[in-house]
Amino acid sequence: MPILQPELTVTFGRLKSFIHEALTKLGLPDSDAQTVAALMAQADLQGSDGHGVTRLPQYARRIKAGGFNVRPNIQVVREQAGTALLNGDNGMGHLVMKRAAEIAIEKARNTGIAWVSSQFSNHAGPASLYASMPLAHDMIGLYFAVGNANHLPPWGGLDMLLSTNPIAAAIPAGDEKPIVLDMATTVAAYGKVKTKALRGETMPEGWMIDRQGKPLTDPKRADEGMLLPLGGMEAGYKGYGLAMIIGLLAGTLGGAAMGKEVIDFNHDDSSVTNTGQAIAAINIAAFGDVGVFKASVDTLVRDFRNSSRMPGVDRIFVPGEHSHATRAARTRDGIPIAAALMRGLDQVADELGIARLA
């Protein structure tokens, strides 16, 4: 059994400030650094540990190698009343997708439903951050993306032609918390594999297999294997099919990378990834009374929560409840940072000449 090292904790404010200072030193304009830092810290706050500050050392390497454009001209290159295609100019994905969400929300005010695709974007953190942005405007948010490295072959194959290709949906409620689903089309997102490696933990059987089809549980050997699609060994064709469809919607439709074109940004710091993402905003008012809809969502949530449980089940959860609880706990107690990650962040701080995180 590996020896687990203790985790340190930091406040949300301190984490955001540290990321902001690092990104500014790396050449991002102050306002862009503020935006990216806030979104990265929010990822950690809600428990999306594979997509928050853990990515900072990698982002720093890519910026230094020219893999990101730190001063992008993000602009709409095609547009109709309810759609837009956004060229991210190889900027950080957080900036591109925040802009995409803003455009989708504004369009949905008039058209009822809006879809914004992006090309030449980059890794943007957890999908739920962007799917949740329409919530404040009484809208439903949907998010789709092509992952930044292929870890999944076609069902029955060996060639890595698909990524984890995540999907997220956020639906507002009234007195209840919003319903927020954020999932990869694989059994586990690759970010979770990287988090396990940083913490010195093993992966559960069923996340990955090697090329002989045997379980792979050492996250440090992840490059030797492949992620299993949703459905696992029995019904993985469902996850494979979903990954392909999402890739076509988020990548191919907007002229972004898909299949063999996807750059593995875990091993390539300099190439332009042309990452594709898409966000849709659905204006609830276009379909009926917003208050009635939210009350109906509240009723459904309570019906699910209070429904009969199987033996040994203490509570039935709806999507998003764990993240809401994690956000509250980490706001109160601090955000945990694994010891191995802290060493990497210390190295980034020392190289940039800024104060260490803790």
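Begin by selecting Leu23 and Ile337, the residues with the most contacts inside the largest nonpolar core, which has 33 residues. A nonpolar core is a set of buried Ala, Val, Leu, Ile, Met, Phe, Trp, Tyr and Cys residues joined through side-chain atoms within 4.5 Å; buried means under 20% relative accessible area, with a 1.4 Å probe and protein chains only. The elements giving two or more residues to this core are α1 (12–25), α2, α3 (56–65), β12 (335–337) and α10 (339–352). Helices (H or I, at least four residues) and strands (E, at least two) are DSSP runs, numbered from the N terminus.

This is a predicted model, in which local features need pLDDT of at least 70 and side-chain atom pairs count only at pLDDT 80 or more, while totals for chains, interfaces and linings use all residues. Residues are numbered from 1 along each chain as its sequence is written, and side-chain values use heavy atoms, leaving out hydrogens and water.

Next, select Ala37 in helix α2 (residues 30–45). Ala37 counts as buried because its relative accessibility is 0%. Not counting residues up to four places away in sequence, Ala37 touches Lys16, Ile19, His20 and Leu23, where contact means heavy atoms within 4.5 Å.

Then turn to the open sheet, where 7 strands follow the order β2-β3-β4-β11-β5-β6-β7 with mixed pairing. Two strands pair if DSSP finds at least two bridges between them. At the edges, β2 (75–80) and β7 (179–183) each pair on one side only.

Finally, select strands β5 (residues 139–145) and β6 (residues 167–171), which run antiparallel and are joined by 4 bridges. Here Leu142 has Ala169 in β6 as its bridge partner.

Technical notes: Buried < 20%, exposed > 50% of the residue type's maximum accessible area, 1.4 Å probe, protein only.
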